Amino acid sequence: MSNVESVVSEWLPLPDVAEMLDVPVTKVHALVKDGTLLAARVGERNIRAVPAEFISGDHVLESLRGTITVLRDAGFEDEEAILWLFTVDESLPGRPVDALREGRKTEIRRRAAALGW
């Protein structure tokens, strides 16, 4: 099991994400490619999947795309970004992904931008 698999408790295969968002699976691939979503290869079959916490109801967590952009600008690969988002930070407290879900995107993006320096 990779590090990224160990920090994320629930993964959604891309076809499941497509079903939840009510879009074709090709659209989900595009969302990953354009940085709206992050995916990693997980499990025994090495399938591409998205952390379940990136989906809120029938849409992608709104604050995610801009945060992914900041992390990519800071030099993060997708799996590194997932690790950062799901690793507990005592100074927050909690995980950055939880802060995003609570609407605290400004603080998280500021911290993410600082990682690039």
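Modeller: Let's start with a term: contact means heavy atoms within 4.5 Å. This is a predicted model, where local features need pLDDT of at least 70, side-chain atom pairs count only at pLDDT 80 or more, and totals for chains, interfaces and linings use all residues. Residues are numbered from 1 along each chain as its sequence is written, and side-chain values use heavy atoms, with hydrogens and water left out.

Biologist: Thanks! Why is Ala52 called buried?

Modeller: Buried means under 20% relative accessible area, exposed over 50%, and partly exposed in between (1.4 Å probe, protein chains only). Ala52 has a relative accessible area of 14%, so Ala52 is buried.

Biologist: And what makes Ser63 buried?

Modeller: The relative accessible area of Ser63 is 8%, so Ser63 also falls under the 20% limit. Ser63 lies in the loop between E5 and H4; helices (H or I, at least four residues) and strands (E, at least two) are DSSP runs, numbered from the N terminus.

Biologist: Which residues is Ser63 in contact with, leaving aside its neighbours within four places in sequence?

Modeller: Those are Leu100, Lys105 and Arg109.

Biologist: Now helix H3, residues 25-33: which residues there are buried?

Modeller: Val28, Leu31 and Val32 are.

Biologist: How do you know that the buried residues line one face of H3?

Modeller: Looking down the axis of H3, they fall within an arc of 100 degrees, so they line one face. That arc is taken from the directions from the helix axis to the C-beta atoms. Thr26 and Lys33, on the other side of H3, are exposed.

Biologist: What do the buried residues of H3 pack against?

Modeller: Helix H2 (14-21), strand E3 (47-51), strand E5 (59-60) and helix H4 (64-73).
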